[in-house]
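Me: I have a model open and would like to understand the labels attached to it. Could you walk me through them?

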Amino acid sequence: MNKTSNATSIEWKEEYLISDHSLDEQHQNIFAIASKAKRLQEIQTQQEKEKEFKLILSELYGYINIHFKAEQEYMKQINYPYIKEHLSLHQTLLDKINFILVSLSTMSIEKAEEQLYLFIQKLFVEHITTEDIKIVNYNKDNK
Ligand SMILES: [Fe+2]
Ligand SMILES: [Fe+2]
């Protein structure tokens, strides 16, 4: 793992847009919350860092939950045929973020930052660009 794989490299890119204003905005908000972890660099003590990291991860977990509920409603409204599969992918993502949260006391801050980076920049981006986009495309094709 190279040393750029921490919270400081969390970055939203235009290529993550899926042409749905509301979902795109929520996805961007998720990046904005995760980016708060960049502040950890300025905190001196490990204890304070851990405390701040916990707050950020809790906020992230809460907001991702809200976003997933909104996406669930959207899938229902358009009768998306793969709703069950999609919801199970959401559950896996929530489990992952929860795992980082509960592991904070046993994991180094550096390791946790790397985990958050991988969660956002790999798992979450993959989910948006391969799965969420299918919902939007299904909606367009069936209008
Ligand atoms: Fe999704
Ligand atoms: Fe999404």
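Me: What share of the 143 residues in the protein is buried, and what makes a residue count as buried?

Reply: Buried residues make up 20% of the 143. A residue is buried if 20 or more other C-beta atoms lie within 10 Å of its own, exposed if 12 or fewer, and partly exposed in between, with C-beta atoms placed from the backbone. Please keep in mind that this is a predicted model, where local features need pLDDT of at least 70, side-chain atom pairs count only at pLDDT 80 or more, and totals for chains, interfaces and linings use all residues. Residues are numbered from 1 along each chain as its sequence is written, while chains are lettered from A and ligands numbered from 1 in the order in which they are written.

Me: Which elements does the protein have, and what makes a stretch count as one?

Reply: Happy to say: the protein has four helices and zero strands, in the order α-α-α-α from the N terminus on. Helices (H or I, at least four residues) and strands (E, at least two) are DSSP runs, numbered from the N terminus.

Me: Why is the protein called as compact as a globular protein of that length?

Reply: Its radius of gyration is 16 Å, close to the 15 Å that the globule rule gives for 143 residues, so the protein is as compact as a globular protein of that length. The radius is taken over C-alpha atoms, and the rule is 2.2 Å times the number of residues to the power 0.38. Along the principal axes, the C-alpha atoms fill a box of roughly 55 × 25 × 25 Å.

Me: How do you know whether α2 and α3 are parallel or antiparallel?

Reply: They pack at an angle of about 175°, with axes 10 Å apart. Axes are lines fitted to C-alpha atoms, for helices over the stretch in contact, and angles run from 0 to 180 degrees between N-to-C directions. Angles under 35 degrees count as roughly parallel, over 145 as roughly antiparallel, 65 to 115 as roughly perpendicular and the rest as oblique. α2 and α3 are therefore roughly antiparallel.

Me: And why are α2 and α4 described as roughly parallel?

Reply: Here the angle is about 10°, with the axes 12 Å apart, and α2 and α4 are therefore roughly parallel to each other. Q46, K49, E50, F53, Y74 and M75 in α2 meet I109, A112 and I135 in α4.

Me: What makes a set of residues a nonpolar core, and which members touch the most others in the largest one?

Reply: Such a core is a set of buried Ala, Val, Leu, Ile, Met, Phe, Trp, Tyr and Cys residues joined through C-beta atoms within 7 Å. The largest has 18 residues, of which A37, L116 and I120 touch the most other members. α2, α3 and α4 each supply at least two residues of this core, and the largest share, six residues, comes from α4.

Terms used: Contact = placed C-beta atoms within 7 Å.
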